[in-house]
Each structure stands twice: as structure tokens, then as C-alpha cells.
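Me: I'd like to walk through this model with you, one question at a time. Could you set out the ground rules once it is on screen?

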Amino acid sequence: TLFFQNKNEEDYPTLINIFYTTRGVMTKISHPDRGYNQLWRGDAYDSLATLATILCNPREHKGKGYRWYNSLRGCAQCGFQKGRNEFSKNQWRKGPGGSTC
């Protein structure tokens, strides 16, 4: 696990935790409307370029956070990216690499 902290923020620091074995990313930022807030993204990046985008702009939404109803995840059987509503609740709970459509 890698941890990054930006101390140049006025209100609260921006925190980014990268879980490289699961490709998960947790960002904790000061949101203009909601205050100090965190977002977990499971299977958040597929390349170093995508990870660099998240590190450069942690506010950018990729549609993969736990708050997004239509989050995307790769199917372990066919390999295609599918939305949360295309998996059963039980399959979605298996996590990245365990969900099959």
C-alpha cells in the first residue's frame, strides 16, 4: 500500500492511498459542498497512465467509486467491462476478478 499526502491544501490535506495488489484507490479530499470526504474506488486503474491521471487530479470521476450506482467492473468470465446493474448482488460482492455475468 502506498500513501500520498498533499500538505499544500488550505483546509485539509488531500490523501491518496493506493492498494497496488487490488488496484484500489482511496482519495480523501476537501469537497466544496460536502466538506472533507473520501471515495473508494475498487479496480480503479488498468495502467500507469490511468493511475497518473488519478494522482494528478484526484477529483476526477472515473465512474468506479463505491458511490456510483453504475460503477464498472470487468467480468471474470468474458472479460468485458460491465455495469453494477449487469451483475447479481451476490456476484458484485465477490469483488474485482471474482464477478461473472
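Reply: Gladly! A contact here means heavy atoms within 4.5 Å. The model is predicted, so local features need pLDDT of at least 70 and side-chain atom pairs count only at pLDDT 80 or more, while totals for chains, interfaces and linings use all residues. Residues are numbered from 1 along each chain as its sequence is written, and side-chain values use heavy atoms, with hydrogens and water left out.

Me: Which residues is Gly35 in contact with, leaving aside neighbours within four places in sequence?
Reply: Gly35 sits in strand E4; strands (E, at least two residues) and helices (H or I, at least four) are DSSP runs, numbered from the N terminus. Once neighbours within four places are set aside, the contacts of Gly35 are Ile29 and Ser30.

Me: Is Ser30 buried or exposed?
Reply: Ser30 belongs to strand E3. Buried means under 20% relative accessible area, exposed over 50%, and partly exposed in between (1.4 Å probe, protein chains only). Because its relative accessible area is 16%, Ser30 is buried.

Me: Which strands do the buried residues of H1 pack against?
Reply: In H1, the buried residues are Thr50, Leu51 and Ile54. Seen down the helix axis they fall within an arc of 100° (taken from the directions from the axis to the C-beta atoms), so they line one face of H1. An α-helix has 3.6 residues a turn, so residues three or four places apart point the same way. The strands that the buried residues of H1 pack against are E2 (14-19), E3 (24-31) and E4.

Me: Which exposed residues does the face of H1 turned away from its buried side carry?
Reply: Helix H1 covers residues 48-56. On the face turned away from the buried side, the exposed residues are Leu48, Ala49 and Cys56.

Me: What is the area of the nonpolar surface patch that includes Leu55?
Reply: Leu55 lies in H1 and counts as partly exposed because its relative accessibility is 35%. Areas come from the Shrake-Rupley method with a 1.4 Å probe, and for residues only the protein chains shown count as cover. Together, Leu2, Phe4, Tyr20 and Leu55 make a nonpolar patch of about 380 Å².

Me: How far is the side chain of Ser99 from the backbone oxygen of Gln91?
Reply: Ser99 lies in the segment after helix H2 (89-93). With a relative accessible area of 0%, Ser99 is buried. Its side chain reaches the backbone oxygen of Gln91 at 2.8 Å.

Me: Which residue's backbone oxygen lies 3.4 Å from a polar atom of the side chain of Arg41?
Reply: Arg41 is part of strand E4 (residues 35-41). Arg41 counts as buried because its relative accessible area is 3%. The backbone oxygen 3.4 Å from a polar atom of its side chain belongs to Pro58.

Methods
Polar contact = N/O pair within 3.5 Å; in protein donor to acceptor, adjacent residues only side chain to side chain. Patch = residues over 30% accessible without salt bridge, like charges linked within 9 Å, V, L, I, M, F, W, Y side chains within 5 Å. Salt bridge = Lys/Arg side-chain N within 4 Å of Asp/Glu carboxyl O.
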